[in-house]
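This report describes the fold of one protein chain. Please look through the structure before reading on.

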Amino acid sequence: MKIENSTNRNTDDLRRLVLAGMRELKFSKRKISEMVVVFKKGKDGIIKGRATLGQNNVEVFLPETFNQLKLAFLIEHEFVHIIGLNHEEMEGTFYRRWKFADSEKEARKFLKKMKWALPYLNIRKAN
Ligand SMILES: [Zn+2]
């Protein structure tokens with residue numbers, strides 16, 4: 001796996017989160033070794049991502065400050081595209097949870113789903 005990082009965040013912290021997401025989605029060792037994840041500075045204050053179905057490249061645009069759980073969700077979302085799913089094929093309201101669930105029940109479901117990311121949500125600022 002290759003990480004490129006031109007953001008204000010620590011590359012090793014980003015790498016740990018990315019690897020955890022790949023493991024969660026059961027990427028093969030070969031797939032992991034082929035992946036290229038590029039972190040760039042976000043221009044408009046929101047986290048965004050881009051991936052092409054079935055390819056190995058993911059781009060993530062990170063603003064100066066952001067919600068780290070949202071970053072984990074975005075990474076997972078882009079990796080689901082890498083596996084080959086488009087939005088219509090994503091399970092249930094998975095795609096819409098990007099906007100975060102409004103009911104408490106949905107929020108709990110969301111957190112349960114994101115459990116894999118919780119140990120990795122300390123993405124420090126780069127020195
Ligand atoms: Zn998408």
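What follows covers confidence, the sheet, the helices, the nonpolar core and a few single residues.

## Model and confidence

The structure is a predicted model. Over the protein chain the pLDDT averages 89, and 91% of the residues score at least 70. Where pLDDT is low, the predicted coordinates should not be read in detail.

## The sheet

Four strands make up an open sheet, with the order β1-β2-β4-β3 and mixed pairing. The edges are taken by β1 (2-5) and β3 (48-51); each has a single partner strand, so one side of each has no neighbour in the sheet. On average, neighbouring strands of this sheet are turned by 15 degrees against each other, direction ignored.

Strands of a sheet pair through backbone hydrogen bonds, either parallel or antiparallel. Taking the pairs in sheet order, β1 and β2 run parallel and are joined by four bridges; within β2, F39 stands opposite N5. β2 and β4 also run parallel, with six bridges between them. V37 has V58 of β4 as its bridge partner, and K41 stands opposite L62 in β4.

The pair β3 and β4 (residues 57-62) is antiparallel and held by four bridges. Here K48 has F61 of β4 as its bridge partner, while R50 stands opposite E59 in β4. These two strands form a hairpin with five residues between them, and G54 in the turn has a positive phi of about 75 degrees.

In a regular strand the side chains alternate between the two faces of the sheet. In β4, the covered face carries V58, V60 and L62, and the uncovered face carries N57, E59 and F61.

## Helices on the sheet

Helix α3 (residues 68-83) lies across β3 and β4 and runs at about 15 degrees to β3. At 1.5 Å a residue, its 16 residues should span 22 Å; the end C-alpha atoms of α3 are 23 Å apart, which agrees. Just after α3, G84 takes a positive phi of about 120 degrees.

How many residues of α3 are buried? The count is 12 of the 16, so α3 is largely enclosed by the rest of the structure. Among the buried residues are the nonpolar L71, A72, F73, L74 and I75, and the list also includes E76, H77, E78 and H81. The elements covering the buried residues of α3 include α1, β3 and β4.

## The nonpolar core

The largest nonpolar core has 22 residues, of which L17, V18, V37, V60, A72 and I75 touch the most other members. At least two residues of this core come from each of α1, β2, β4 and α3. The largest share, eight residues, is supplied by α3. Leaving out residues up to four places away in sequence, V18 touches I3, V37 and I75.

## Two single residues

A51 is found in strand β3. Is A51 buried or exposed? A51 counts as buried because it has 20 C-beta neighbours inside 10 Å, and 20 is the number at which a residue is taken as buried. Apart from neighbours within four places in sequence, the contacts of A51 are N57, V58, E78, H81 and I82. T65 is 14 residues from A51 along the chain, and the C-alpha atoms of the two are separated by 22 Å.

K26 is located in the loop between α1 and α2 (29-34). With 8 C-beta neighbours inside 10 Å, K26 counts as exposed; the cut-off for exposed is 12 or fewer. Most residues other than glycine have a negative phi. K26 is not a glycine, yet its phi is positive, at about 60 degrees.

Definitions and conventions:
Residues are numbered from 1 along each chain as its sequence is written. This is a predicted model: local features need pLDDT of at least 70, side-chain atom pairs count only at pLDDT 80 or more; totals for chains, interfaces and linings use all residues. Two strands pair if DSSP finds at least two bridges between them. Axes are lines fitted to C-alpha atoms, for helices over the stretch in contact, and angles run from 0 to 180 degrees between N-to-C directions. Two residues are in contact if their C-beta atoms, placed from the backbone, lie within 7 Å. pLDDT is the predictor's confidence in each residue, from 0 to 100. A nonpolar core is a set of buried Ala, Val, Leu, Ile, Met, Phe, Trp, Tyr and Cys residues joined through C-beta atoms within 7 Å. The expected span of a helix is 1.5 Å times one less than its number of residues.
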